[in-house]
Amino acid sequence: MSGFFATILARTETGMTLIDADALALAECEDLPELMRVAAVLRDRGHGDLVTYSRKVFIPLTQLCRDVCHYCTFAHAPREGERAFLTPDEVLAIARAGAAAGCHEALFTLGDKPELRYRAARDELQALGYATTLSYLAAMAALVLKETGLLPHLNPGLMTCDDLEALRKVSVSQGIMLESASERLAQRGGPHFGSPDKVPARRLATIAAAGEAAVPFTSGILIGIGESRRERIEALLALRALHQRHGHIQEIIVQNFRAKPATKMADAPEPDEADHLWTIAVARLVFGPAMNIQAPPNLMPEALEAMVTAGINDWGGVSPVTPDHVNPEAPWPQLDLLAERTARAGKLLVERLAIYPEYAKEPTRWLDPALHTPTIRRIDGQGLARADKWSPGAGVEPPPRGRRAGNGPGLALFEAILARAVAGETLTEADIVRLFEARGNAFDLVCAAADRLRREVNGDTVSYVVTRNINYTNICYFRCQFCAFSKGKLSENLRGRPYDLDWDEIVRRCEEAWERGASEVCLQGGIHPEYTGATYLGICRAIKKAVPDLHIHAFSPLEIWQGAKTLGRSLPDFLAELRDVGLSSLPGTAAEILDDEVRAIICPDKIKTDEWLQVMEAAHRVGLRATVTVMYGHVDRYEHWARHLLRVRALQARTGGFTEFVPLPFVPMEAPMYLKGNARLGPTYREAVLMHAIARLALHPLIPNIQTSWVKLGAAGAAACLEAGCNDLGGTLMNESISRAAGASFGQEMAPEAMEELIRSMRRTPRQRTTLYQDAPPDRRAASFGALPLADPINTPARKYERPAAE
């Protein structure tokens, strides 16, 4: 390689964007191994060890087209006895077959405006009740979305601004292949002669208009149709310029020409493997690490591993149901085979939607409001497709272990991050985000590191506490979008009766809990508009008078903040008074996600991040220990989870007041923001397990105890977390209202007998503990086994706060 090319590639490898002149100069670079090496470095920097694909169903709405591309067998003239368009029933039949096969994408591919060329197209559109192909396309996309839930991706050819806006309402993404920026290919003798829609300037105008309309867009080049290598790069640069202006091009496809019988280019030479790999590598160099570079896996199936090595990170749409109607001679690879071949290249195959993750995570910017809900309910926190139907609290068994692959260079990055975590170093936000992205072998690596650390810190003992949850009122004047517990006129949730427990009932439940072996009572409730700080002080006095040795673990930072405010006290003074009348520790709830970007959406009227932290720091300063939670898997992203963990770690480094970290996965079923279509289905199973593992790593050595919630994850999910860094099973609970109100179905009590049976089944040693992680006193442990059934609780109605029947 000449020094000139070496300098260009060296600059690109360091992260510098290729200037146009240097990119064009690469047309003369023949050092394919070096081009591929640098391209792979950039791809790994942007996408790690993942290669994506979309499970799609292909719907060829019409194969009539006003263009006559010399290599195409998809488009044809009207044929006697054949319909010009698929009927709505035919469209739905294809879409339903795709949905049944687990597809997420409905790919509509069609000829470009055939009604402008063929009377048969005009007549059939009129009979169907539509004036244009694009209006019929919009109707069919809407029908598929409504009836099957599949997310439409549309490839209809040239579009105006109005066309793009109309189709944006019924699709998550659209596309048009630029193919080439060479005007000469549309001249007489060229492959695009006689095809008015293949004029490069017109296609670029459509792509530019898509950017102005904020449409997630697909484009790319078709190689081997008579263009030069320089012209390929010119096309890539034209696309890059539009993407730099609008940020809307979600993938660049490098598609190799396939010669087809009965076409004018039937005898034209096809690009060989080296030429294809050269173009893929150059496309990666031109667009850099972040862009998604795709190559169809069915058009050069012998070179799949090499294409990965050349810099792709996506295989495009692959259908388990329908053929590639554009290239019918080239069958899709079976997904298991594609995963195997991807793994041979050191990468893990993962599924995405038609809309790429970075766009799916910003639905407000990139999607019509009608597409928000169907999209966010299909993605995980990274924006990739949910891999299974598991959801917290749903009563569904955890999914089987997925593909274990992904041993590329990205694994070394995980190992370096894990080494720093095990050493007790504070990880960066980027480090923690990368850990949450772990899949395949990287997932196993993270969980194993967390569990080794658990064994070093806690041994093989698994602790639990005998406690009773008492939610003293479900009346709340806050309107948290995730809460299905609060009821009454002021709440977001419209169902259920409001109640406000009498103090006698609170005391009765505490006495009953003591008789059943509890060492702790956990009290929390809604923020009742008539409660003041005196209410919380009074509850503590009443409990301590009746059961003086019962540990009172009570009042979230929100209740503390509100209580202090109503009495006009400072936080330290109010907390000290609560401590003096019997409060022993604080539950770390109301934390949700300690990031105000998220809180502005899910709990805009609640205390802010800094206020939550102020309460906890004040509590620690007056000698009150606390737990700390995270409630995750709704509108949040991995960077928010990372910030939460880092803010918790920073406070713990100052005070040492947290006893344990408790991940609480969002239970969606009855949550207002889920019912409104504004939240995901909770974390995926992978994410739920990772949250526990990464908490162990990111908080080491400052918080030694990581708890898992059997209420939200079930026994099997909790057991998995005990093998991924957790050492605590939480409380027996006796009563549980909040997760149950949200739709969780794993019960209200796990008795000590069941706790210890689960722990022993994992060859671990059970330990009944106190709130502060001391061994439970012998009398408490003895009383907790063989306890009598609970008496029916009495929820004192609060009729004043009931909604009128008409509501």
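Residues are numbered from 1 along each chain as its sequence is written, and side-chain values rest on heavy atoms, with hydrogens and water left out. Because the model is predicted, local features need pLDDT of at least 70 and side-chain atom pairs count only at pLDDT 80 or more, whereas totals for chains, interfaces and linings use all residues.

The chain holds 31 helices and 18 strands; these are DSSP runs, with helices (H or I) of at least four residues and strands (E) of at least two, numbered from the N terminus. For 807 residues, a compact globule would have a radius of gyration near 28 Å, and the 30 Å of the chain agrees with this. That radius is taken over C-alpha atoms, and the globule rule is 2.2 Å times the number of residues to the power 0.38. Along its principal axes, the C-alpha trace spans about 100 × 65 × 50 Å. Buried residues (under 20% relative accessible area, 1.4 Å probe, protein chains only) make up 62% of the 807 residues. Of the contacts (heavy atoms within 4.5 Å) between residues at least 6 apart in sequence, 78% join residues at least 24 apart.

Turning to the sheet, three strands form an open arrangement in the order S17-S10-S18, with parallel pairing; two strands pair if DSSP finds at least two bridges between them. Strands S17 (728–731) and S18 (765–769) stand at the edges with a single partner strand each, so one side of each has no neighbour in the sheet. Neighbouring strands are turned by 20° against each other on average, direction ignored. S10 (residues 461–465) runs parallel to S18 and is joined to it by five bridges, and Tyr464 stands opposite Gln768 in S18. Helix H28 (residues 710–722) packs on this sheet, touching S10 and S17, and its direction makes about 160° with that of S17. Axes here are lines fitted to C-alpha atoms, for helices over the stretch in contact, and angles between N-to-C directions run from 0 to 180 degrees.

The buried residues of H19 are Glu505, Ile506, Val507, Arg509, Cys510, Glu512 and Ala513. Their cover includes strand S11 (467–471), strand S12 (520–524) and helix H20 (533–546). Gly517, with a positive phi near 95°, follows H19.

Technical notes: Buried < 20%, exposed > 50% of the residue type's maximum accessible area, 1.4 Å probe, protein only.
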